[in-house]
Amino acid sequence: MADGVEQIYIALISVHGLIRADNLELGRDADTGGQTLYVLELAQALSELPNVCQVDLVTRRVIDSHVDAEYAEPIEKVNDKFRIVRIDAGPEEYIYKEHLWEHLDGFADNLADFFRKQDHVPDLIHSHYADAGLVGSHVANLLGIPLVHTGHSLGRVKRRRLLASGLTTEQIESLYNMTRRIEAEEITLATAERVITSTHQEIEEQYEIYDHYQPDQMRVIPPGTNIKQFKPPEGNELESELFQKLTHQL
């Protein structure tokens with residue numbers, strides 16, 4: 001307790017890709033994109049709230065000469081209330097999310113052990129994407145912690161689109177391990193006390209095709225905008241230095 005306000009400890013889980021506090025390698029590959037920036041900025045924003053005492057952003061530890069050595073650090077302290085926690089799971093080297101499925105049980109066990117060795121466990125787990133949803137479900141059940149989940153994208157929806165594009169079921173399975181992803185999403189939906197979506201359409205038309213569809217457990221929180229970086233147009237953009245630089249390069 002501080003100033004009469006209950007303090008909460010939140011663990012965000014985002015398994016795949018490469019996450020660090022500075023110099024994000026956005027666009028390095030399909031796994032290090034918008035979700036990476038989203039979870040980092042979410043963790044930073046949560047850590048600034050007065051009723052939040054600790055935020056852990058949990059990801060996979062990577063020891064690989066082809067990536068920066070920072071991704072091998074078990075703990076990266078970002079500020080007094082926010083740290084990035086990297087958990088060992090599977091091979092040391094960097095691998096894509098489609099090849100992580102067989103290592104997620106180990107990730108969950110190692111994460112649960114990490115939390116047990118502390119003075120206290122998180123009050124809330126917030127998982128991001130299907131792989132983290134599976135990890136979060138296991139840890140939530142092991143430690144009795146409530147789970148909140150954000151899907152970012154959905155396997156059943158993606159499979160429909162890929163089939164419509166002309167790929168066969170066998171090709172989709174070979175490329176994306178789609179069956180395991182959808183199973184992970186179903187387990188997560190059955191476990192999560194809240195599912196966060198960006199729009200009502202996501203609830204009504206995307207999650208609706210899942211067996212464990214529970215719309216009463218879902219809440220819409222539209223993605224925010226960093227107003228320090230983005231602002232409405234002022235009318236003089238065509239005279240800006242940025243516009244001149246872009247058009248000169250083109």
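Two strands count as paired if DSSP finds at least two bridges between them. Helices (H or I, at least four residues) and strands (E, at least two) are DSSP runs, numbered from the N terminus. What you see here is a predicted model, where local features need pLDDT of at least 70, side-chain atom pairs count only at pLDDT 80 or more, and totals for chains, interfaces and linings use all residues. Residues are numbered from 1 along each chain as its sequence is written, and side-chain values use heavy atoms, leaving out hydrogens and water.

**View 1. The S7–S8 end of the sheet.** S7 (residues 194–197) runs parallel to S8, with 3 bridges between the two. Look for Val195: its bridge partner in S8 is Met218.

**View 2. The whole sheet.** Here are 8 strands in an open, mixed sheet, ordered S3-S4-S2-S1-S5-S6-S7-S8. S3 (75–79) and S8 (218–220) sit at the edges, each pairing on one side only. From one strand to the next, the twist averages 20° (axes are lines fitted to C-alpha atoms, for helices over the stretch in contact, and angles run from 0 to 180 degrees between N-to-C directions).

**View 3. S1 and its two neighbours.** Buried means under 20% relative accessible area, exposed over 50%, and partly exposed in between, with a 1.4 Å probe and protein chains only. By that count S1 is mostly covered, with 5 of its 6 residues buried. S1 runs parallel to S2 through 6 bridges, and Tyr9 has Gln54 as its bridge partner in S2. S1 also runs parallel to S5, this time through 4 bridges; Leu12 finds its bridge partner in S5 at His126.

**View 4. Helices H1 and H3 on the sheet.** Contact here means heavy atoms within 4.5 Å. H1 (residues 34–47) lies across S1 (8–13), S2 (52–60), S3, S4 (82–87) and S5 (124–128), at about 160° to S2. H3 (residues 129–143) also packs on the sheet, touching S1, S5 and S6 (147–150), and its direction makes about 155° with that of S5.

**View 5. Helix H6 and its surroundings.** H6 (residues 178–191) has 14 residues and reaches 20 Å from first C-alpha to last, close to the 20 Å expected at 1.5 Å a residue; that expected span is 1.5 Å times one less than the number of residues. Which residues of H6 are buried? They are Met178, Arg181, Ile182, Ala184, Glu185, Glu186, Thr188 and Leu189. Their cover includes H3, S6, H4 (155–164), H5 (169–176), S7 and S8.
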